[in-house]
Each structure stands twice: as structure tokens, then as C-alpha cells.
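The questions below ask what stands behind some of the terms used for this fold.

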Amino acid sequence: MTGIFITGTDTDVGKTIISAGISGVLQKRQYDVGVFKPMLSGVQRDHPSSDTRMLKEYSGTQLTYEEITPYSFKEPLAPFVAAKLENRVVELSDIIRHWENIKQKHKHFIVEGAGGIAVPMGEQYLVSDVIQALQLPIVIVARPNLGTLNHTFLTVQYAKSLGLEILGIIINGKSETGDVAEKTNPELMEALCGVPLLGVTPKLKQVSKEAVISMVEANVKMSKLENYLEGKR
């Protein structure tokens, strides 16, 4: 099994759009791909608007909603806080156990975190701890606009300090016209962070499976991700 962990510089940067889009492109290209999002907050797993449902539908996996997302919480908060409000405790070992139960059901996996890389998932562990436990390389999803350089640089430096392998950055949600910041950020971000820029994806007017998959195919350097999944460096 090979896999990629999709994390972000912040919440609402479009991690699920990118994760689902990548898994959809891989499935379209005949890859045996599964998806895993350990925790979900603010919506039921099978709700039409849930990240879990989107990941399942785009990837074509036969994994159940519960297998894809073993833990869900009512409030739209960081998983640790949302779980605490429900008097629930999820240990890192619980996530690892679920991962071990599904990871051999597909040859490749796209795994999505929650919010940014340092969001608390449990009382004593962050998204970054989950990444380390799963031993997967990361793709960082970033915003396109003013302020994203700082957030992205800090995310990259934190990941590097932990020894995480970074496959690249995807800037998501570029507007049609784009201001000066959006136009200059991609080149500067790649140079500043010292990490490959895998693509700049536009903000979609309407989100659909076909639109998202087409967007990712047209704007993300999928060959680099495919080479990793196939063991080519």
C-alpha cells in the first residue's frame, strides 16, 4: 500500500476538494484507490454535503462511511474540542487501529486531515502526529490570496522540523481575475518554501464530481503524485 496525506495551511482551504479530486482522477485512470478521513466534525458522515461522502463517491471505494471516517462529532470544531463536548475520548491508537483494518483493502490511499497540520485531534496529539503514525508523505493545500505566504511557510517549516516528507503544495481557489497577491504568490511561495508547487486550481462556480475531477486533471501535476504511488522517484 502507498498513500498520500492531504493537509492544509488552515481550515476551509479546500482540502476535501483536492483530496476527492485526486482520488477521482486516480480512479478514472484505473488506480485501485481508497480514502480515509479519521475524524469529521459538524455533519453526519452520509450527509450529501459531508467530506466523507464526497471522498467515497469520487474515489469509487467500497469502504463504508464508518470505515472511511470512524469518528464523527456534532459540533463544527477541532476534533478534540468537538469530542470533549460529547464526553468522548479518541486516542491516537484508536485511529491507528482503524487504519490497520482498512489499509490493505486498496493498493493506494488518499488520506485527509482536519483543518491545518497542527489542529488538535485528541488530548495529546495533533494532525501532525497522525501523519507521523501513518508514515505517509504530505501534500499541503494553501489559499491563493494575501496572507497565504506566511501560513504556508510556517506549515512547511513545521513539517520539515518533524522530518515529514513533503511532496508539494497545491494552491486552491484562485479567482478568475486574481489580484496582485494571487498572481505573484505561486512563484514566490515555491521559492520561499523550497517545496515543489504541484498546481494552482481555480475556484469553482459549481462543485460537481465531473467539474472537480476535470479541474484537478487540468491544473495539478498528477504525474508527480502517480510516480510516487508507483514507487518511481
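Two strands pair if DSSP finds at least two bridges between them, and strands (E, at least two residues) and helices (H or I, at least four residues) are DSSP runs numbered from the N terminus. The model is a predicted one, in which local features need pLDDT of at least 70, side-chain atom pairs count only at pLDDT 80 or more, and totals for chains, interfaces and linings use all residues. Residues are numbered from 1 along each chain as its sequence is written, and side-chain values use heavy atoms, with hydrogens and water left out.

Q: What makes β2 and β10 edge strands of the sheet?
A: The open sheet of six strands runs in the order β2-β5-β1-β8-β9-β10 with parallel pairing, and β2 (33–36) and β10 (197–202) each pair on one side only.

Q: Why are β8 and β9 called paired?
A: Strand β8 (residues 138–142) and strand β9 (residues 166–174) share five bridges in the parallel sense, whereas at least two are required, so the two strands count as paired. Val139 stands opposite Gly168 in β9.

Q: How do you know that helix α8 packs on the sheet?
A: Helix α8 (residues 180–193) touches β8, β9 and β10, where contact means heavy atoms within 4.5 Å. The direction of α8 makes about 170° with that of β9, on a scale from 0 to 180 degrees between N-to-C directions of lines fitted to C-alpha atoms, for helices over the stretch in contact.
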